[in-house]
Amino acid sequence: MQRHTLHPTTGATPYRRASIHNTSINEKISQSSVFTQWLPRQLLWLVILSTVTVAHAHESQTEHTHSSEMANQANTVAVTASALNTPSDTLQTQHEQSLITPESAPTSLPSTAASGDAIEQFVAGDFGQRQAMLSHWPGSVESLDNLVAFIENDELYQGNGGKTYLLNADDQLFTYPDKKETADWPSDLAPITLTNALRSALIFGRAKVKLESDKPAQRLQAVAILADNIDQVDPAIITAAAATEDNAKVKKALAALQARINFKNGDLPMQIAALSVLADSDSPQVLVDMQSALANDNVNPTLEAALIDARDSVARRIQISTWTGHIFTGMSTASILLLAALGLAITFGLLGVINMAHGELIMIGAYTTYMVQNLFQAYMPDMAGWYLLAAIPAAFMVSAIIGMVIERIVIRPLYGRELETLLATFGVSLILMQLVRMIFGAQNVEVSNVAWLSGAYQVSSSLVLPYNRIAIIVFTIIIVALLVYLLNKTRFGLFIRAVTQNRQMARAVGIRSARIDMMAFGLGSGLAGMAGCALAQVGNVGPDLGQTYIIDTFLVVVVGGVGQVWGAVLAALGLGISGTVLEIGIGAVLAKIVLLVLVILFIQKRPQGLFALKGRFVE
């Protein structure tokens with residue numbers, strides 16, 4: 001790879017340093033040859049005579065050994081020739097048989113890494129040793145998955161006589177397994193890649209290791225690996241695995257895989273029996289197999305009728321899973337909208353202020369998450385995977401403090417003048433965006449997903465739910481529950497409801513309405529900051545982040561009813577799910593237009609929103 005030929009400090013290429021090293025060796029050799037010219041001629045003849053005598057003494061033994069090696073080499077060539085003439089399926093079957101036939105593990109490991117972990121042994125080995133290790137992986141399942149990830153990401157390298165190194169996308173070199181950065185780049189640094197033969201061994205090696213795991217989830221992954229390579233799988237593998245399987249979910253997956261194999265390779269009764277099993281599947285691969293079989297002209301009528309029934313059943317199940325996924329995506333979008341709208345509903349209902357800077361408070365929460373991530377990576381790298389737990393309260397506090405400053409300096413002098421407050425907060429939004437551009441730049445910043453929110457939960461073959469969106473939905477439910485408790489069960493919530501319903505009466509009974517206004521505005525701004533923290537896990541973080549969601553947030557507040565928490569919940573669910581469904585059918589742009597038209601029609605019929613407006617605005 002070209003990007004790794006330059007040393008990051010000196011700029012010299014490894015190949016150049018190797019040539020310099022070889023040149024010095026050649027110079028030393030030439031110096032030694034000059035020195036030999038000073039040897040006495042008699043001593044040179046004595047050395048030559050001794051060499052010839054030793055060579056003659058071992059000539060017969062060498063000749064015998066050479067003949068034996070020639071015979072073995074001839075046998076090897078014959079076997080290789082027969083292997084080349086063997087169909088590829090037979091070669092593939094050799095990998096498959098290793099899943100069910102016990103074989104001795106490779107005994108000769110690379111001497112340089114015999115005491116290291118499995119990845120070090122793999123890097124230090126030659127082609128044969130690597131192939132043997134993939135067929136009989138000596139390490140854990142996790143180490144094999146790490147090896148695959150390193151190779152796929154082009155991070156695994158070898159240098160200095162078989163030592164293992166990791167090279168990231170920023171050209172930072174780390175030693176393995178301690179993963180410490182090093183500036184001493186080896187001259188023979190080379191990437192670890194897989195040939196087709198090694199990839200074939202890896203496929204079935206991973207399946208073997210995972211099938212032998214005591215975790216059902218890993219055994220399911222093994223079945224998925226075999227299903228992706230179904231044309232090369234020996235049915236005996238499935239039979240042997242199903243005979244010892246005690247988990248119902250894994251056994252069902254093995255039965256479905258066995259039915260697919262029987263449908264592809266069995267006779268008519270076996271195919272019909274397989275279709276009765278496959279009819280309960282929701283796998284797109286199964287649907288493709290059935291459609292391909294129906295496309296043939298010479299399909300048996302009985303088989304064709306069974307195929308049509310099974311195909312319709314599978315297609316219906318896939319459609320149900322697809323729409324379930326769409327609804328889940330809409331719910332996650334609705335959760336984000338609800339987090340952003342809750343704060344706006346509180347401030348609008350309490351103060352009557354249209355806060356055009358609310359989107360920028362969301363953006364500040366996202367950038368706060370980015371800063372907390374960087375602090376953890378710089379000062380607490382061992383706990384960098386848990387930065388999100390600290391980013392949530394930090395985003396709330398930073399956005400809340402900025403919101404209270406805005407309320408105190410900008411909004412308070414303009415109470416009762418709606419147009420002026422709208423223009424003033426719009427100016428504040430422009431100031432905040434420009435400040436962020438000056439500090440962080442105009443480009444998006446990277447907020448990494450924490451490891452415990454990466455990946456997805458596979459409900460079925462056609463339905464996968466990402467962990468980060470599940471976490472957003474759960475997080476929103478928790479925030480709504482806490483907010484309802486705060487407004488209905490605490491003294492501060494009682495003051496907010498009193499000022500919202502009748503400000504003059506609240507002042508008459510001793511409630512400091514100005515302080516309640518500031519704290520309520522800070523609460524709404526803090527909720528916007530937490531919405532930004534959630535958005536940082538699913539989207540890009542940039543200066544224009546708030547502008548993307550501010551319109552939808554206002555729509556949620558207007559449809560749900562100003563100052564109504566439950567109205568905001570229902571409106572967010574309706575707009576989020578309906579927007580996602582409309583995007584599937586007519587595209588994102590038309591979906592926005594249709595949704596806006598529907599909202600306008602709804603407001604024409606019900607101006608107060610889903611819930612009737614209460615408080616001083618009614619009077």
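User: Is Asp 154 buried, exposed or partly exposed?
Analyst: Asp 154 is partly exposed, with a relative accessible area of 25%. Partly exposed sits between buried (under 20% relative accessible area) and exposed (over 50%), using a 1.4 Å probe and protein chains only. Bear in mind that this is a predicted model: local features need pLDDT of at least 70, side-chain atom pairs count only at pLDDT 80 or more, and totals for chains, interfaces and linings use all residues. Residues are numbered from 1 along each chain as its sequence is written, and side-chain values use heavy atoms, with hydrogens and water left out.

User: Where does Asp 154 lie?
Analyst: In the loop between helix 7 (141-152) and strand 1 (156-159). Helices (H or I, at least four residues) and strands (E, at least two) are DSSP runs, numbered from the N terminus.

User: And what about the phi of Asp 154?
Analyst: The phi of Asp 154 is near 60 degrees, so a positive value in a residue that isn't glycine. Most residues other than glycine have a negative phi.

User: Okay, new topic: which residues does a cis peptide bond join?
Analyst: Tyr 176 and Pro 177, with omega at about 10 degrees. Pro 177 is in the loop between strand 3 (173-175) and strand 4 (190-191). Lys 179 is also found in the loop between strand 3 and strand 4, and has a positive phi of about 55 degrees.

User: How do strand 5 and strand 6 pair?
Analyst: In the antiparallel sense, over 4 bridges; pairing takes at least two bridges found by DSSP. A hairpin through 2 residues joins them.
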